[in-house]
Structure formats: structure tokens, C-alpha cells
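Trainee: Could we go through this chain together, with each term given its cut-offs as we meet it?

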Amino acid sequence: MLSHPAAEAAAVVFLLDVDNTLLDNDRFGADLGATLEAAFGAAARERYWAIYEELRQQSGFADYLGALQRFRTGLDNDPSLLQMSGYLLDYPFADRLYPHALETVAHLRTLGPTAILSDGDVVFQPHKIRRAGLWAALRGEVLIYVHKQQMLVAMQQRYPAAHYVMVDDKPHVLAAMKQRLGRKLTTVFVRQGHYAAAGAGEAVAPAPDLTIACIGDLRRRKLEDFLPSAPAISLPAD
């Protein structure tokens, strides 16, 4: 059951991205690509990813099911086609959580209200979050938008707070959110996944307030580590 907006503002609300922040989505993509190649061949695998990228450019989010729907063209009599939907829906996302991801969620919830703030579609992304065990771990505190950095007013209406902490693997998303919320937001850049690797050498303004190597690095941090009282730093791993 989804929560209702809080009657009173919290001191600090923690917001967590999902893909390549709590969950190794790159591994999922690699597994999906390998399964497509085994079933249909390398050329068909590349065609699927081309469709996926086209849809991502059009919609602004990853649409694995929509890409599969378009991918079916010319494959209607292939018995492997109908099995791909089951592969996507039954994929073991719980096995793709990063080490200590659930511990980190549990720890942050002791510091303040904690919610997922993710980009994605309204079918597969919540399904993925449930399959991974994150929906239960966050007690249904989940927001999914097309572009979360453009939905900060709606986020604040759902979770009013004096201060926010956003944990994400995309520095440009963190910068866009910081530009809108300023000192009301602490941005935490987690160096996991291909977006983090691609963005690590880029200069973004404003820079992340905190940088960590992996999500588990947060599980023993104190509340004051996230408050806007110091210049940007890198937190050492435990």
C-alpha cells in the first residue's frame, strides 16, 4: 500500500536511485543480451538493443518490454519469442542487488524517512523493484518518474522535509537536482555501473557533495555525514 504525504516535514529524507545504485542493472543487461543471442543470434540481439535505444531516446527511460514488443516483427513463428517475456518477468533481480544494499536501506531508514526515487516506466520498473525485494524493504515508499530531476516539486509534496539526500550513479542527474534544490539537497555519487564510469572523468557543476565507491559504504555513516556543513568529499570505504 502506498504511503500518503506526511502531515509534518521530516528533518532529512533519503532518496535512493535503483539501477546501478542498489541493483546491478548492467549485469541484467548483459544477461538479457546473452539470452537474446543464444535464442535468436548476434544480429537479432543487436537489433533488439537498437530498438531499445531508439525507444529510450523517444521516451526518456528504459523500456525493455516495449523493445521486445517491437522486436517481435518477423519472429512471430519463432517458439523462443514468447519465452522472452517470461525471462524478463521472472528474472532474479534479488540476486543482482549490490552487496549490503538491503543493509544500507535498513540503516538509512534509522536516520530518516527513506524512499526510492527512480526513472522508468510504470510496469517493468516497479516489477523489477518488487522482484528485487526493494519494495518490501522500503515499505512501498517508491516514486518512479520519466525524469526524476524534473519532478522535484512532486517529490517534495510526497515527502516534505527540511533537507534531502539523493544517492545516484549519474553525476549529471545529481547536478541537475542540486541546481534546483541548492543547499537543501546533499548529493551522493556512487561509482557503480557504466554511467558512473563514463561520468567519473567529466566535470559537472555543481560537483557531488559526497562520493562513494559502492552503496554498502553508506551503511555505517552517521546523519551528520550527510548534512551541508563541509565541502565536497569522498567517503572512505569501510
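Trainee: Which residue follows H6, and what is its phi?

Mentor: This is a predicted model, in which local features need pLDDT of at least 70 and side-chain atom pairs count only at pLDDT 80 or more, while totals for chains, interfaces and linings use all residues. Residues are numbered from 1 along each chain as its sequence is written, and side-chain values use heavy atoms, with hydrogens and water left out. Helices (H or I, at least four residues) and strands (E, at least two) are DSSP runs numbered from the N terminus, and H6 covers residues 124-131. The residue that follows H6 is Gly133, with a positive phi near 85°.

Trainee: Which residues of H6 are buried, and what do they pack against?

Mentor: Buried means under 20% relative accessible area, exposed over 50%, and partly exposed in between (1.4 Å probe, protein chains only). In H6, Phe124, Gln125, Pro126, Lys128 and Ile129 are buried. Taking contact as heavy atoms within 4.5 Å, the buried residues of H6 pack against H1, H3, H4, E2, H7 and E3.

Trainee: Where does Asp63 lie, and how far away is the nearest side chain of opposite charge?

Mentor: Asp63 sits in the loop between H2 (42-59) and H3 (64-71), and a polar atom of its side chain lies 2.8 Å from the backbone nitrogen of Gly66. Beyond its neighbours within four places in sequence, Asp63 is in contact with Tyr52 and Leu55. Lys and Arg count as positive and Asp and Glu as negative, with His and the chain ends not counted, and a salt bridge is a side-chain nitrogen of Lys or Arg within 4 Å of a carboxyl oxygen of Asp or Glu. Asp63 is buried yet has no salt bridge, and the nearest side chain of opposite charge, Arg70, is at 7.5 Å.

Trainee: What is the relative accessible area of Arg139, which has a positive phi although it is not a glycine?

Mentor: Arg139 belongs to the loop between H7 and E3, and its phi is about 55°. Arg139 is exposed, and its relative accessible area is 54%.

Trainee: What radius of gyration does the chain have, and why is it called as compact as a globular protein of that length?

Mentor: The chain has 10 helices and seven strands. The radius is taken over C-alpha atoms, and the globule rule is 2.2 Å times the number of residues to the power 0.38. For 238 residues that rule gives 18 Å, and the chain is close to this value, so it is as compact as a globular protein of that length, with a radius of gyration of 19 Å.

Conventions
A polar contact is a pair of N or O atoms within 3.5 Å; within protein, one must be able to donate a hydrogen and the other to accept it, and residues adjacent in sequence count only if both atoms are side-chain atoms.
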